[in-house]
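This report goes through a structure step by step, from charged pairs to packing and symmetry. Keep the sequence and the 3D view at hand while reading.

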There are 2 protein chains.
Amino acid sequence: MGVTKSQIFTDRQNGLAATFRVLANPARIAILEYIASQKACICNDIVDEIGLAQPTISQHLKELKSIDLISGEIEGKKVCYCINLEKWKEVQQQLNTFFDKTSFICC
Amino acid sequence: MGVTKSQIFTDRQNGLAATFRVLANPARIAILEYIASQKACICNDIVDEIGLAQPTISQHLKELKSIDLISGEIEGKKVCYCINLEKWKEVQQQLNTFFDKTSFICC
DNA sequence: TTTTATTATCGTAATATTGCAATATATAAA
DNA sequence: TTTATATATTGCAATATTACGATAATAAAA
């Protein structure tokens with residue numbers, strides 16, 4: 001075999017892991033931090049800012065968009081990426097629920 | 001190429017991504033939730049509880065231990081795994097710092 | 001000591017992920 | 001329309017991850 005056996009876990013557990021997975025990459029962390037640092041939506045100066053090739057950045061942006069963590073609006077020939085604040089808060093909430101629910105003292 | 005270019009990111013960004021990575025697997029989520037649900041430390045009934053082979057569980061436990069999210073105490077021929085509450089809180093804090101710092105309105 | 005039960009490690013197969021060059025697509029500018 | 005610029009997609013090479021069987025290591029029990 002060799003693939004995550006998602007069938008044996010709940011949708012919630014799989015969803016939580018999937019969210020963590022999108023965040024589990026330093027380039028995507030850096031992209032999110034950069035987008036957020038520009039108060040107005042800034043487009044692909046991201047490619048210049050981060051030290052990765054344009055197709056690589058484009059792919060990372062696609063993944064971030066796939067879970068709605070960012071949105072991308074087309075403006076002429078440029079695209080303007082922004083943090084989707086609603087989803088952002090939702091994810092933060094989801095993670096906190098996990099951490100709060102799971103922390104018990106045992107040993 | 002084909003590997004994450006960690007050199008171009010900060011230690012903080014790499015560390016954050018690494019933490020997310022450990023959590024980015026439904027089996028590890030399930031293991032953490034199971035360990036936490038047993039108020040006293042329970043050992044590898046985890047293998048029975050989760051539907052994965054013993055070596056697989058052992059490997060996941062190793063990863064969780066590697067970032068100190070759980071501890072494993074040897075008790076005779078059994079090992080007792082527990083949530084490391086101190087680290088747990090620290091990770092939750094770390095993630096919240098990321099989310100709080102990064103959330104700005106742009107679009 | 002031998003046996004048995006528990007956990008860890010090794011080796012390997014089956015994907016999944018990361019990154020980039022080449023190229024396609026889309027839109028503004030000339 | 002042609003050209004230039006910005007972004008997305010495709011295809012591929014280089015790892016990384018997940019899972020498990022076989023086996024080793026450890027310690028209690030017989």
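## Salt bridges between helices

A salt bridge is counted here when a side-chain nitrogen of Lys or Arg lies within 4 Å of a carboxyl oxygen of Asp or Glu. The model is predicted. By this rule, ten salt bridges are found over all chains. One of them joins B:Arg28 and B:Glu63, whose closest N and O atoms are 3.1 Å apart. B:Arg28 belongs to helix 2 of chain B and B:Glu63 to helix 4 of chain B, so this pair ties together parts that are 35 residues apart in sequence. B:Arg28 has a relative accessibility of 5% and therefore counts as buried.

B:Glu63 also forms a salt bridge with B:Arg21, and here the closest N and O atoms are 2.6 Å apart. Because B:Glu63 lies in helix 4 of chain B and B:Arg21 in helix 1 of chain B, the pair ties together parts that are 42 residues apart in sequence. B:Glu63 is partly exposed, with a relative accessible area of 23%. B:Arg21 is partly exposed too, at 41%.

## A salt bridge within one helix

In chain A, the side chains of A:Lys87 and A:Glu90 meet in a salt bridge with an N to O distance of 3.7 Å. How far apart are A:Lys87 and A:Glu90 in helix 5 of chain A? They are three residues apart, which means a separation of about one helical turn. An α-helix has 3.6 residues a turn, so residues three or four places apart point the same way. A:Lys87 is partly exposed at 22% relative accessibility, and A:Glu90 is partly exposed at 48%.

Salt bridges also form a network that links A:Arg12, A:Lys101 and B:Glu33.

## Aromatic pairs between the chains

Nine aromatic pairs are counted over all chains. One of them is formed by A:Phe20 and B:Phe20, with 5.9 Å from centre to centre and 40° between the planes, and this pair is tilted. The pair crosses between chains, from helix 1 (residues 11-23) of chain A to helix 1 (residues 11-23) of chain B. Are A:Phe20 and B:Phe20 buried or exposed? Both are buried.

A:Phe99 and B:Trp88 have ring centres 4.9 Å apart and planes at 55°, so this pair is tilted. A:Phe99 lies in helix 5 (residues 85-102) of chain A and B:Trp88 in helix 5 (residues 85-102) of chain B, so the pair joins two chains. A:Phe99 and B:Trp88 are both buried. A single aromatic cluster is formed by A:Phe20, A:Trp88, A:Phe98, A:Phe99, B:Phe20, B:Trp88, B:Phe98 and B:Phe99.

## Helix 1 of chain B

Helix 1 of chain B has 13 residues, which at 1.5 Å a residue should span 18 Å. Its end C-alpha atoms are 19 Å apart, which agrees.

The buried residues of this helix are B:Gln13, B:Asn14, B:Leu16, B:Ala17, B:Thr19, B:Phe20, B:Val22 and B:Leu23. What covers the buried residues of helix 1 of chain B? The cover includes helix 1, helix 2 (26-37) and helix 5 of chain A, together with helix 2 (26-37), helix 4 (54-66) and helix 5 of chain B.

## How the two copies are related

Two copies of a chain are related by a rotation about an axis and a shift along it.

A:Asp68 is not a glycine, yet it has a positive phi of about 65°. A:Asp68 sits in the loop between helix 4 (54-66) and strand 1 (70-75) of chain A, and is partly exposed with a relative accessible area of 45%. In chain B, phi of B:Asp68 is also positive, near 65°. B:Asp68 is in the loop between helix 4 and strand 1 (70-75) of chain B.

The count of disulfides over all chains is zero. A:Cys80 is buried, with a relative accessible area of 1%, and B:Cys80 counts as buried at 2%.

Key
Residues numbered from 1 in each chain as written. Chains lettered and ligands numbered in written order. Predicted model: local features only at pLDDT ≥ 70, side-chain atom pairs only at ≥ 80, totals over all residues. Heavy atoms only, no water. Phe/Tyr/Trp six-rings, centres within 6.5 Å; stacked < 30°, edge-to-face > 60°. Helix = DSSP H or I, 4+ residues; strand = E, 2+ residues; numbered from the N terminus. Buried < 20%, exposed > 50% of the residue type's maximum accessible area, 1.4 Å probe, protein only. Expected span 1.5 Å × (residues − 1). Contact = heavy atoms within 4.5 Å. Disulfide = S-S within 2.5 Å.
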